[in-house]
Amino acid sequence: MRSVSSAAVLQAPSRRASSGPFADPAVWLFSILIVLLVLLVANPILRLVWDSFHTAQGDWSLQSYVQALGRSRNLQALLNSLYLGAAVTVLALALGVPLALAVSRTNMPGRGFTHLSVLAAFVMPNFLGAIAWILLAGPNAGWLNRLAVELTGWDKGPFNIFSFWGLAFVIALYTFPLIYVFAKSALDLVSTELEDAASIHGAGRFQTMWRVTLPLVLPSIIGAAILIFLEAIALYGTPALIAIPARINLATTQIVSFFQYPLQIEQAAAFSMPILLLTVLMLMLQRKLLARRGYVSVSGKGGERRPFDIGAWKWVLLAYSGCIALLTVIMPLAILLLASVSKAWGRGLVAGNLSLANFHSIFFEQLTVRSAIVNTVLYSGATALVCVGMGICIAYATQRRITPYPALVQFLALAPVAVPGLILAIGLYAAYAGPPFSLYGMGTLIVIAFTTRFLPISVAASSAGVRALNPELEEAVRILGGGRITVLTRVVAPLLKKTLIGAFVLVFVICTKELSTAVFLTGPESRVVSVLTLDLSEQGNYETLAAMGVVLVSIVTVVVAIGMKLAGRDFMLRRS
Amino acid sequence: MAKLELRNLCKTYGPTAVVDDVSLDLERGELVTLLGPSGCGKTTTLRMIAGFIEPSAGTIVVDDKEISSSRRSVPPEQRGMSMIFQSYAIWPNMTVAENVGFGLQVRRMPATEIAKRVGEMLDVVKLGVLAQRYPAELSGGQQQRVALARAMIVRPEVLLLDEPLSNLDANLREEMAAEIRRLHDEFRFTTVYVTHDQAEAMAISDRIAVLHQGRLEQVDTPWQLYNRPRTPFVAGFIGKTNLVPAEVQGNDVRVAGLASGIALPPSHSARPGGSVQASIRPQSLYLETPIGGAIALGSGRVLERTYLGEYWRYLVRLQGGAALKVHAPPSTVLEVGQESTVYVDPESIAAVR
């Protein structure tokens with residue numbers, strides 16, 4: 001025997017005299033997590049349902065339902081939202097599917113640029129897009145209208161963003177990336193061999209695409225369409241900026257009106273129930289659709305993949321992609337930039353109108369704007385941090401079945417997906433705004449709200465990551481003497497570094513765009529950019545608004561760029 | 001190094017018993033292999049020893065301390081064991097040295113001491129020059145050595161190996177098997193080794209425990225298992241064999257169709273009486289030219305023959321009896337249909353039931 005082995009066996013680490021179930025710090029950690037989940041998710045949602053069946057005095061009653069749903073104006077709002085959802089879905093499909101096809105399966109030039117422009121549309125806060133489109137296509141002063149008047153000599157421009165289709169158009173512009181992502185990731189898995197099989201049996205290129213490729217990815221596209229529909233129904237930012245001036249009453253604007261004086265939380269809760277129910281049902285339908293694994297395309301590994309040569313059509317597609325990039329990102333950003341350096345945005349690009357005064361003002365004079373920007377970054381960062389931390393712990397605990405009832409814990413963590421932001425906010429307001437927590441108007445409440453809402457993103461991403469890890473890597477830690485916390489910190493988290501960074505940036509970016517959850521919960525001290533946008537827009541202060549928007553977009557762009565550097569180019573537009 | 005005992009260990013999932021009443025004692029410093037086909041419960045048994053799975057019944061005892069029972073299980077990290085996994089489970093986010101030093105680090109050993117021991121250990125497994133590499137840059141065999149070093153540096157009370165060679169190609173497998181045996185001879189850890197490969201088990205083990213459908217068939221030295229199998233499964237799983245109906249009478253085994261009995265070898269423990277099966281290895285049978293001591297079974301006719309280079313494989317039907325596989329040296333050339341006397345070496349007959 002060698003000297004190395006001559007010593008006695010090393011004492012096994014941490015063999016404590018008492019090793020009851022709570023001696024393991026991991027048990028504490030995971031217990032705390034479950035308590036947090038109950039507080040963050042179960043409590044607000046249950047509180048919402050509870051409140052809808054009770055009067056303000058706390059008596060059991062269906063009165064709120066009668067009041068909230070009994071009025072034809074309110075029912076019309078629900079109906080309008082459904083129309084809007086359908087219109088947005090159709091538009092988003094028209095935008096997203098051709099782009100996904102073009103980038104994934106054709107030899108269209110500029111595929112990288114198109115992909116990037118979709119990413120930009122995804123990153124762009126939809127309330128800023130709405131503001132930009134008000135500046136572009138407002139009925140009189142909108143730049144496009146004035147351009148049209150000047151070019152044609154008409155006495156009135158043709159565009160009016162303050163209309164149903166204007167609203168649907170703007171929402172579709174910033175939600176279609178979801179369709180693109182779902183369609184593209186499905187298309188990326190379609191084996192060329194399947195298409196070759198169609199060609200060899202005599203199908204032309206377009207026939208192949210129409211009869212083979214598209215049907216293969218149809219479940220994914222429909223799944224995404226359902227999400228878009230739900231998103232459009234649940235959205236508050238763009239409707240607040242466009243639908244309210246256009247006098248279109250929507251479900252979300254109606255919910256917010258319940259929150260104006262006199263405050264009617266119970267009615268808001270009751271009014272939310274049909275929307276919540278619809279969301280849950282449609283998400284179940286979507287899951288069922290995507291869970292169907294009958295299609296070969298899902299199995300991946302299709303061997304060699306060649307893009308379709310679509311001949312001259314590629315230029316048509318390129319023009320279409322370029323046009324979409326122009327509408328979603330380039331024109332809106334240009335107009336925002338221009339407005340931000342204008343003294344008065346209506347006067348346009350003329351000497352004497354340009355100045356940096358707006359930026360000076362938002363940084364050094366208008367403290368509300370500056371603090372809104374700081375708050376947004378702060379809350380988004382905090383939320384992203386908490387989401388990623390909780391996400392990896394929950395994913396690990398549930399995937400490895402450490403906690404009791406892992407399926408239930410996982411369900412709890414993912415449940416907020418099915419709750420529209422505004423409705424979740426009502427629940428959070430009811431649960432935490434008043435005593436005993438009294439968090440109303442505090443930054444903590446915003447972070448809590450954002451965390452609840454976006455926890456599913458980080459949990460889903462982390463779960464996929466943990467699933468991909470060989471459990472033996474973790475067992476090796478345990479058998480060598482490391483506890484579960486050591487497993488998490490030394491092996492699981494480092495190995496999922498990219499996933500976690502990706503989830504952090506994703507949650508951060510989505511938080512900066514989030515309006516609906518924040519709108520009831522912010523107070524004067526905890527205002528965020530999205531909420532302030534509504535106020536400034538009401539005041540017609542578009543120059544300041546534009547400057548604020550430019551700052552926000554710059555910050556988000558930098559964060560996304562860092563994320564792409566650290567987590568890989570494609571981390572944002574992955575389907576999870 | 002510790003004494004490891006499995007006492008009536010069971011693991012059931014619903015109505016199926018994956019491990020069924022397994023009892024096994026390992027002496028200090030002994031290397032015992034759990035051998036069996038896939039699904040026989042060997043990995044489940046190993047994972048119960050490691051503490052990743054709790055037994056449904058029975059206990060696991062290390063040095064007279066109970067560490068697993070259906071009521072209470074010491075978590076893996078407090079068992080002072082170490083394990084080598086099928087996938088090696090080398091952490092790709094750590095260098096070779098960090099991987100190997102991990103166990104010492106969680107035991108809060110001072111960094112200088114860790115560095116010294118890691119250096120020594122890497123020399124033992126001949127990886128000294130690769131200390132600062134990341135696992136992705138290593139070959140399969142090198143990763144295997146890292147796993148060995150990482151498991152042994154903590155001087156485990158019990159070392160567990162879960163099919164450690166199954167991911168290596170054939171040449172490397174032999175080399176690593178020898179390496180594992182060498183390291184075992186050097187350090188003498190109490191070791192449980194799991195494999196489905198009987199040649200690997202024979203080469204490496206002090207004793208082999210053959211598992212079949214969750215039950216322990218036989219625990220014995222490789223020589224005993226091969227030459228004195230006690231069940232038809234063991235006889236068939238360890239090497240090739242002919243199983244022919246037979247009866248034990250006194251000290252003789254009487255193979256069906258044969259007039260006289262054959263005396264069983266003295267070390268045989270077959271209980272007399274009743275019908276059994278006689279296990280006769282193909283290479284213990286001779287055509288035409290017997291070795292000394294072989295006795296004639298009778299005349300047989302060649303049914304099939306295959307030339308395999310190192311030997312002929314014949315299928316011979318005895319007159320009035322069974323068809324037997326016979327491995328004959330290349331010099332023994334018989335045509336299909338030809339008759340020959342078949343001889344057997346009585347030393348290598350085993351009665352199984």
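This is a predicted model: local features need pLDDT of at least 70, side-chain atom pairs count only at pLDDT 80 or more; totals for chains, interfaces and linings use all residues.
Chain A is divided into two domains: domain 1 comprises residues 23-52 and 376-527, and domain 2 comprises residues 87-296. Their C-alpha centres are separated by 27 Å. To the contact between them, domain 1 of chain A contributes 20 residues and domain 2 of chain A contributes 24 residues. On the side of domain 1 of chain A that touches domain 2 of chain A, two or more residues each are supplied by α2 (25-52), α19 (421-433) and α23 (497-513) of chain A. The most is given by α19(A), with 6 residues. The composition of this side of domain 1 of chain A is 14 nonpolar, 4 polar and 2 charged residues.

A helix packing in chain A involves α6 (residues 126-137) and α15 (residues 313-340), whose axes come within 9 Å and cross at roughly 75 degrees. Crossing angles of 65 to 115 degrees count as roughly perpendicular, and α6(A) and α15(A) are therefore roughly perpendicular to each other. From α6(A), the contact is made by A:L128, A:G129, A:A132, A:W133, A:L135 and A:L136, and from α15(A) by A:M331, A:P332, A:I335, A:L336 and A:A339. Of the residues in this contact of α6(A) with α15(A), 10 are nonpolar, 1 is polar and none is charged.

In chain B, 4 strands form an open sheet with antiparallel pairing, in the order β2-β1-β4-β5. Strands β2 (16-26) and β5 (65-68) of chain B are the edge strands, each of them pairing on one side only. From one strand to the next, the twist averages 30 degrees. Within chain B, strands β1 (residues 4-13) and β4 (residues 57-62) run antiparallel and are joined by 5 bridges. B:A57 in β4(B) stands opposite B:C10.

A further antiparallel pairing in chain B links strand β17 (residues 312-318) to β18(B) over 6 bridges. B:R317 has B:A323 in β18(B) as its bridge partner. The hairpin of β17(B) and β18(B) has 4 residues between the strands, and B:G320 in this hairpin takes a positive phi near 70 degrees.

Methods: Residues are numbered from 1 along each chain as its sequence is written. Chains are lettered from A and ligands numbered from 1 in the order in which they are written. Two strands pair if DSSP finds at least two bridges between them. Axes are lines fitted to C-alpha atoms, for helices over the stretch in contact, and angles run from 0 to 180 degrees between N-to-C directions. Domain bounds come from an automatic or database domain assignment. Two residues are in contact if their C-beta atoms, placed from the backbone, lie within 7 Å. Ala, Val, Leu, Ile, Met, Phe, Trp, Tyr, Cys and Pro count as nonpolar, Asp, Glu, Lys and Arg as charged, and the others, Gly among them, as polar. Angles under 35 degrees count as roughly parallel, over 145 as roughly antiparallel, 65 to 115 as roughly perpendicular and the rest as oblique.
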